[in-house]
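Please take a look at the fold below. The report after it goes element by element.

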Amino acid sequence: MGIRLKDQTAIITGGSRGQGAAEARRFAEEGAFVIIADLLDREGEDLATEIGSSAIYKHLDVTNQQAWAELIEDVLALRGSIDVLVNNAGILVFDRLTRTSQEEFERVMDVNCTGVFLGMQAVSDAMKNQNSGSIVNISSVAGLQGVGFQFSYSVSKWAVRGMTKSAAHELARHNIRVNSVHPGLIDTAMLDQFKDEGFNAAAVQVPMGRTASAEEVAELVLWLASNESSYCTGSEFVVDGGISAT
Ligand SMILES: NC(=O)c1ccc[n+]([C@@H]2O[C@H](COP(=O)([O-])OP(=O)(O)OC[C@H]3O[C@@H](n4cnc5c(N)ncnc54)[C@H](O)[C@@H]3O)[C@@H](O)[C@H]2O)c1
């Protein structure tokens, strides 16, 4: 057991599987109490059981403001503080500007963008009262570049990057840090829809010639969550095997 997040309370949205689950395991190994918040109840409950006494699962739809308020109330009653929020929940669709319905665009923006806004807003009072906190927003390389075949997703991830900087400015005087993480091709269920067409071809075009595991992203998120990154706020942290360097 490590001590990098000793006695810290961390909420991880979309924590039932993929990168969020890797972060939940890693945070708990480093001494945190983790709230796994997701729509996937069975996977989330199983993960909390696997981690043991340092994790619980809570059902949360990140697009629901009332649900956020209830979650924060529960967490504060249980733990008394919220030290870390990882806004990790997200959805990916492959679409194009010219073929995207308003409904689909709004669905992606709702989860990937409004969900992050509501999460940051929901924890800010508790973090201000503590005069400390670290918020990590999961964007993407699609939030660093224009991506023609992921129109809505790319727009939403640029918005996450922008919100991060704006929130970082506002919250810095309360000793709350806000940073964004920009993963490249990470081998999780999110990319399953992409596996048949082009996944391998895309992977070999990564300068490092491979995809990454969720655990490789979790190491960066852990560092940003912890006090080791104490002077970092409002910044982008890229974990993409060199994709955005090209
Ligand atoms: N996999 C990649 O290659 C990749 C690359 C860059 C960025 N990302 C981002 O990383 C984050 C994690 O994705 P992942 O790769 O682990 O994919 P994933 O699909 O395995 O995990 C996403 C999680 O978000 C949850 N979720 C979706 N909508 C939700 C909602 N409304 N409320 C609460 N939870 C919700 C899902 O149930 C799921 O558990 C996402 O924000 C994604 O956009 C992924």
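## Basis of the model

This is a predicted model, in which local features need pLDDT of at least 70, side-chain atom pairs count only at pLDDT 80 or more, and totals for chains, interfaces and linings use all residues. Residues are numbered from 1 along each chain as its sequence is written, and side-chain values use heavy atoms, with hydrogens and water left out.

Helices (H or I, at least four residues) and strands (E, at least two) are DSSP runs, numbered from the N terminus.

## The sheet

An open sheet is built from 7 strands. Their order is β3-β2-β1-β4-β5-β6-β7, and the pairing is parallel. Two strands pair if DSSP finds at least two bridges between them. At the edges stand β3 (55–59) and β7 (236–239). Each has a single partner strand, so one side of each lacks a neighbour in the sheet. On average, neighbouring strands are turned by 20° against each other, direction ignored. Axes here are lines fitted to C-alpha atoms, for helices over the stretch in contact, and angles run from 0 to 180 degrees between N-to-C directions.

Buried means under 20% relative accessible area, exposed over 50%, and partly exposed in between (1.4 Å probe, protein chains only). Gly 133, Ile 135 and Asn 137 point one way from β5. Ser 134, Val 136 and Ile 138 point the other way.

Strand β4 (residues 84–87) runs parallel to β5, joined by 4 bridges. Asn 137 of β5 is the bridge partner of Asn 87. With helix α4 (residues 102–130), β4 and β5 make a right-handed β-α-β unit. A crossover is right-handed if, with the strands pointing away from the viewer, the path from the first strand over the helix to the second runs clockwise. Strand β6 (residues 176–183) is also parallel to β5, with 6 bridges between them. Ile 135 has Val 178 in β6 as its bridge partner. The chain goes from β5 through helix α5 (residues 151–171) to β6, in a right-handed β-α-β crossover.

## Helices

Helix α1 (residues 18–29) has 12 residues, and 9 of them are buried. Among the buried ones are Glu 23, Arg 26 and Phe 27. Just after α1, Gly 31 takes a positive phi of about 95°.

Helix α7 (residues 214–225) lies across β4, β5, β6 and β7. Its direction is at about 165° to β6. Contact means heavy atoms within 4.5 Å.

## A stacked ring pair

The structure holds 3 aromatic pairs. Rings of Phe, Tyr and Trp (its six-membered ring) pair if their centres lie within 6.5 Å; planes under 30 degrees apart count as stacked, over 60 as edge-to-face and the rest as tilted. For Phe 94 and Phe 149 the centres are 6.3 Å apart and the planes at 10°, so this pair is stacked. Phe 94 sits in the loop between β4 and α4, and Phe 149 in the loop between β5 and α5, 55 residues apart. Phe 94 is partly exposed, at 31% relative accessible area. Phe 149 is partly exposed too, at 41%.

Terms used: The expected span of a helix is 1.5 Å times one less than its number of residues.
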